Amino acid sequence: MPVPSPRTLYRGLRNLLRFLARPVRRAEGRGERVIQCYRGYGSRQELFLIGRVFRQPGLGLDLAEGPLNDLVNVGRRTVRWGIRGARVRVRALGSREEVKTDGDGYFTVRLPIQDTLPAESSWQTVRLTLLPERDNDEPANADAKVYIPPADVDLAVVSDIDDTVMFTGVANKLWMLYRLFVEKARHRTAFPGVSALYRALFQGLDGERRRPMLYVSRAPWTIYEMLSEFFHLNRIPHGPILFLREWGLTLQRPWPRRAKDHKALLIRRMMALYQQLPFVLIGDSGQRDPEVYAQIVAEHPGRVKAIYIRHVHQSPSRDREIHRLARQVSAQGCEMILARNSLEMASHAHRLGLISDAGLQEVRADSQRREQD
């Protein structure tokens, strides 16, 4: 790997510092309670949203904009802590509800949609107010974005992230940050052709589908902003990024939570929300994605049009196991494709009529360009 010049390294590290300090700069005031919202998703009848309430310490410093101020804000971000039992009022699309945070400060919202949805926009705004704990507290406010697909949408896509969209590295946060902000774009961690493939799936056969793209991961919520930046830099269609657990590693919770079966639970929740839609499931062969997805097919006959599994393993026995699962889901009317690259996935999706000719050509061109780089 080429070693960056001192100038490139400084510029990259400066961008990294600004990025890490950004959530703290966005929060109103110092020493305040803060609402952090993650992108949500919904149907024409209901929306779902996850967020967290922090207490963010103030250090009593009045620093000018610059590296030192960013370092202070990174420090403040590091020592944030979630607030248990905080009350959050949620308002959107004609509905209103009040929820409470759990022991780590997280809250979830399921809100019925009462208003007529605008046809021209898929991203809707949810207003959140953090209610005062004491008489002298000021309410904190925040907006969240929720993706609601058009009424004529024809498909939903659920994709794993680690070793499916990007090379392994989610667990190694420092390495991922280095790649995002210091290395050149061609060295970033997205698989060749993956951004073009996901754009083609989002757009559909006529280029106008605006399908829901839902991303799941075993990673902790603490790298949410990092992965959002990764999706932006690699031009991968934005959608809700749903993590399976809070790793903790704080004074409140020194050990990670178990994540067993959480991916299947999330997919079941999405399939219940989008009751009329067929699904495409995308994962990799390194973990249990093929087994989880085969289980989903068995539970929801006729709902899954295709399963794409990126080949990342080395064991011949794993090949045999995945081919056995492919035969199993084939008997239930679904195809599981073990693919060595994004172009194999795109070619199959094109044969099924899920993506356009132009989308397939873009995946081919992007894959060839990345392989040459």
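Modeller: Happy to! Leaving out neighbours within four places in sequence, Ser-95 is in contact with Val-90, Leu-111, Pro-112, Ile-113 and Gln-114, where contact means heavy atoms within 4.5 Å. The side chain of Ser-95 also reaches the backbone oxygen of Pro-112 at 2.5 Å. That is judged as a polar contact, a pair of N or O atoms within 3.5 Å; within protein, one must be able to donate a hydrogen and the other to accept it, and residues adjacent in sequence count only if both atoms are side-chain atoms. Ser-95 belongs to strand β6 (residues 95-100); helices (H or I, at least four residues) and strands (E, at least two) are DSSP runs, numbered from the N terminus. With a relative accessible area of 9%, Ser-95 is buried, since buried means under 20% relative accessible area, exposed over 50% and partly exposed in between (1.4 Å probe, protein chains only).

A word on the ground rules: this is a predicted model, so local features need pLDDT of at least 70 and side-chain atom pairs count only at pLDDT 80 or more, while totals for chains, interfaces and linings use all residues. Residues are numbered from 1 along each chain as its sequence is written, and side-chain values use heavy atoms, with hydrogens and water left out.

Ser-342 is in helix α9 (residues 342-351) and is buried, with a relative accessible area of 0%. The side chain of Ser-342 reaches the backbone oxygen of Pro-192 at 2.9 Å. Not counting residues up to four places away in sequence, Ser-342 touches Pro-192, Gly-193, Val-194, Leu-197, Arg-310 and Val-363. Two of these names come up again. Arg-310 lies over the face of Phe-191, at 4.2 Å from the ring centre; a charge sits over a ring if NZ of Lys or CZ of Arg is within 6 Å of the ring centre and within 35 degrees of the ring normal. Gly-193, in turn, is 8.1 Å from Gln-368, C-alpha to C-alpha, although the two are 175 residues apart in sequence. Gln-368 is in helix α10 (residues 357-372) and is partly exposed, with a relative accessible area of 45%.

Now for the aromatic rings. Rings of Phe, Tyr and Trp (its six-membered ring) pair if their centres lie within 6.5 Å; planes under 30 degrees apart count as stacked, over 60 as edge-to-face and the rest as tilted. By this rule there are 7 aromatic pairs. The rings of Trp-123 and Tyr-147 have centres 5.2 Å apart and planes at 70°, so this pair is edge-to-face. Trp-123 lies in strand β8 (residues 123-130) and Tyr-147 in strand β9 (residues 140-147), so the pair ties together parts that are 24 residues apart in sequence. Trp-123 is partly exposed at 27% relative accessibility, whereas Tyr-147 is buried at 4%. Tyr-215 and Phe-231 form another edge-to-face pair, with 4.6 Å from centre to centre and 75° between the planes. Here strand β11 (residues 213-217) supplies Tyr-215 and helix α5 (residues 224-233) supplies Phe-231, 16 residues apart. Both Tyr-215 and Phe-231 are buried, and together with Tyr-198 and Phe-230 they form one aromatic cluster.

A nonpolar core is a set of buried Ala, Val, Leu, Ile, Met, Phe, Trp, Tyr and Cys residues joined through side-chain atoms within 4.5 Å. The largest has 74 residues, and those with the most contacts inside it are Tyr-198, Met-270, Phe-279, Leu-281, Ile-307, Tyr-308 and Met-336. Ile-307 touches Leu-281, Tyr-293, Val-297, Cys-334, Glu-335, Met-336 and Ile-337, again not counting residues up to four places away in sequence. A second, separate core of 25 residues includes Ala-86, Phe-107, Leu-128 and Ile-148. Met-270 is also one of the buried residues of α6, along with others including Leu-266 and Ile-267.

To step back, the protein chain has 10 helices and 15 strands. Of its 373 residues, 55% count as buried. Residues 24 or more positions apart account for 71% of the contacts with a separation of 6 or more.
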